[in-house]
Amino acid sequence: MKKRKASANSEPGPRLHRVNQYLEKNFPDFFAEARFHVGNDDYFLYSRFGQYLARSIENNRAPREKIYRGFTVLNKMARVSAKDPAVRRMLVTGPLEHIVDHPKARALALKRLSAVAQGYMESLCE
């Protein structure tokens, strides 16, 4: 019984439930399409979200408020990552990696991300 609980706690899915709800509420079209393509794999969901957010910023395709809500998603992930190394790994190797690759997105992220998320992003730049 103890092993079962330990393995359930090591999976990022349950911890990201509230973040997933926020993502689904604020980006319903993206969320539905991404879930259709990647299923219940949160790693690929958030990796695609990082691509989506970075491209939206680079191409000026989304309203400012929507972009700010995208950074709220990443900040929520950063808060969860303080307790869960799997979420931290998912955040760094997924969305933040895509944002670092786009200059406009990186500049805006430095203004909008929490200190924790900025620290993760800066570690990618080194």
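Residues are called buried under 20% relative accessible area, exposed over 50%, and partly exposed in between, with a 1.4 Å probe and protein chains only. Because arginine 79 has a relative accessibility of 55%, this residue counts as exposed.

This is a predicted model, in which local features need pLDDT of at least 70 and side-chain atom pairs count only at pLDDT 80 or more, while totals for chains, interfaces and linings use all residues. Residues are numbered from 1 along each chain as its sequence is written, and side-chain values use heavy atoms, leaving out hydrogens and water.

The pLDDT, the predictor's confidence in each residue from 0 to 100, averages 88 for the protein, and 89% of the residues score at least 70. Over residues 1-10, however, the pLDDT is below 50. Where pLDDT is low, the predicted coordinates should not be read in detail.

Arginine 79 lies in helix 6, which covers residues 64-81; helices here are DSSP runs of H or I with at least four residues, numbered from the N terminus. Although 35 residues separate arginine 79 from serine 114 in sequence, their C-alpha atoms are 9.0 Å apart in space.

The axes of helix 6 and helix 8 (residues 103-112) come within 11 Å and cross at roughly 65°, where axes are lines fitted to C-alpha atoms over the stretch in contact and angles run from 0 to 180 degrees between N-to-C directions. The two helices are therefore roughly perpendicular to each other, a word used for angles of 65 to 115 degrees, with under 35 counting as roughly parallel, over 145 as roughly antiparallel and the rest as oblique. In the contact (heavy atoms within 4.5 Å), helix 6 contributes Ile67, Tyr68, Phe71 and Asn75, and helix 8 contributes Ala105, Leu108, Ala109 and Arg112.
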